[in-house]
Amino acid sequence: MVTILLVEDDKMVRLLTKAKLSAPYHILEAEDGKDALAVLDREQVDLLIVDIQMPRMNGYELIRELREVGVQMPVIMLTAMDTFAHKKEGFASGIDDYMTKPIDYEELVWRVEALLRRAKIANENKITIGKFSLNQKTFSAEYDGKTVQLTNKEFGLLFKLLSYPDVVFTKQQLMDEETTDRVFEKYYQGASGRSKGGNGIGLSIVKRIVTICDGEIAVRSAAGEGSTFTVTLKK
C-alpha cells in the first residue's frame with residue numbers, strides 16, 4: 001500500500017485529511033518539519049503533503065532540506081497561503097504541486113493519484129495501461145505480450161501524452177520535444193506544409209493508438225484548428 005506522510009500542525013486538519021485519504025492509502029502524521037524528518041528516518045514514504053506555517057521547521061525549510069540530500073519523492077504543498085509569492089517560493093523549494101485551503105478533498109485525491117503515477121513512470125521508465133505498455137529504457141511497446149512496432153518519434157510522442165493524461169498540449173509544446181517534431185511534420189502537415197486543421201495530430205496515428213490499445217485509450221484533439229491534444233484514459 002502507498003504510504004503518505006501528512007505534515008500539518010493543525011490537528012483537526014490532520015484528522016480530516018487522514019479520514020479522507022485513509023481508504024486507499026496508509027497515512028502517517030507529523031506536526032512540523034522536525035517531526036517529519038524523524039518519521040522519514042524510520043519509515044518508507046511515497047508522497048508528502050506539507051503545510052507551510054509550522055513551528056520549529058516550516059514547509060519550505062523541510063522540502064529544501066530533503067531536496068538538498070537527494071530525496072525526490074513527490075510533494076504537495078497544502079496551505080492557506082495563496083499569494084503568487086508563496087506559490088513561487090514553494091515551487092522554488094522543490095514541491096511538485098500546490099493546493100490552497102479550504103481543501104477540496106476530491107481534487108486532492110486526483111492530484112495525489114497524478115503525482116504517484118508520474119513518480120512511478122519516472123522510477124520505472126515504463127507506462128502500463130491495461131494490456132498496453134511502453135518501456136522507455138528499451139524504446140519498445142507491447143500489447144498483450146506482443147511487440148508493437150513504433151518508430152522512435154511515435155514512441156516519444158506517445159510516452160509524452162500518456163505520462164500526462166487529461167493534460168492539454170498545444171502543437172507547439174509537443175513539437176518542442178526533440179522526439180516528436182518530425183512526427184508532426186509527417187502526420188500534422190500536408191504536402192503544402194500547412195496544418196490540416198481539425199484532424200489534430202492526424203487520424204492515422206489516432207486510429208493506430210486506439211487499435212493497439214483495443215479501445216482502452218481514447219485520443220482526441222480539442223476544437224480550434226486542431227491545435228491542442230489530449231489523451232484520455234478510461235477509468
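Predicted model: local features only at pLDDT ≥ 70, side-chain atom pairs only at ≥ 80, totals over all residues.

Student: How many helices and strands does the secondary structure of the protein hold?

Tutor: The protein has 9 helices and 12 strands. Of its 235 residues, 44% are buried. Among contacts with a separation of 6 or more, 53% join residues 24 or more positions apart.

Student: What pLDDT does the protein average?

Tutor: The predictor's confidence is given for each residue on a scale from 0 to 100. Here the average pLDDT is 77, and 69% of the residues score at least 70. Over residues 178-203 the pLDDT stays under 50, although the model has 59 contacts beyond four places in sequence for that stretch.

Student: In what order do the strands of the open sheet lie?

Tutor: The general idea is that strands of a sheet pair through backbone hydrogen bonds, in either a parallel or an antiparallel manner. In this case, 5 strands make an open sheet with the order 2-1-3-4-5, and their pairing is parallel.

Student: Why is one side of strand 2 and of strand 5 left without a neighbour in the sheet?

Tutor: Strand 2 (26-30) and strand 5 (97-100) are at the edges and have a single partner strand each, so one side of each lacks a neighbour in the sheet. On average, neighbouring strands of this sheet are turned by 20° against each other, direction ignored.

Student: Over how many bridges do strand 1 and strand 2 pair?

Tutor: Strand 1 and strand 2 are joined in the parallel sense by 5 bridges. As an example, Leu6 has Glu29 of strand 2 as its bridge partner.

Student: Which strands does helix 1 touch, and which does helix 2 touch?

Tutor: Helix 1 (residues 11-21) packs on the sheet and touches strand 1, strand 2 and strand 3 (47-50), its direction making about 165° with that of strand 2. Helix 2 (residues 33-42) also packs on the sheet, touching strand 1, strand 2 and strand 3, and its direction makes about 135° with that of strand 2.

Student: Let us turn to single residues. Is Val7 buried or exposed?

Tutor: A residue counts as buried when its relative accessible area is under 20%. Val7 has a value of 0% and is therefore buried. This residue belongs to strand 1 (residues 3-7). Beyond four places in sequence, the contacts of Val7 include Ala30, Ala36, Leu48, Val50, Met54 and Leu62.

Student: Where is Val75 placed, and is Val75 buried or exposed?

Tutor: Val75 is in strand 4 (residues 75-79). Its relative accessibility is 1%, so Val75 counts as buried. From C-alpha to C-alpha, Val75 and Leu47 are 5.9 Å apart in space, while in sequence they are 28 residues apart. Beyond four places in sequence, Val75 contacts residues including Leu48, Val50, Ile63, Asp97 and Leu115.

Student: Is Asp97 buried or exposed?

Tutor: Asp97, which lies in strand 5, has a relative accessible area of 15% and is therefore buried. Leaving aside neighbours within four places in sequence, its contacts include Val75, Met77, Phe91 and Arg111.

Conventions:
Residues numbered from 1 in each chain as written. Heavy atoms only, no water. Helix = DSSP H or I, 4+ residues; strand = E, 2+ residues; numbered from the N terminus. Buried < 20%, exposed > 50% of the residue type's maximum accessible area, 1.4 Å probe, protein only. Contact = heavy atoms within 4.5 Å. Pairing = 2+ DSSP bridges. Axes fitted to C-alpha atoms, helices over the stretch in contact; angles between N-to-C directions.
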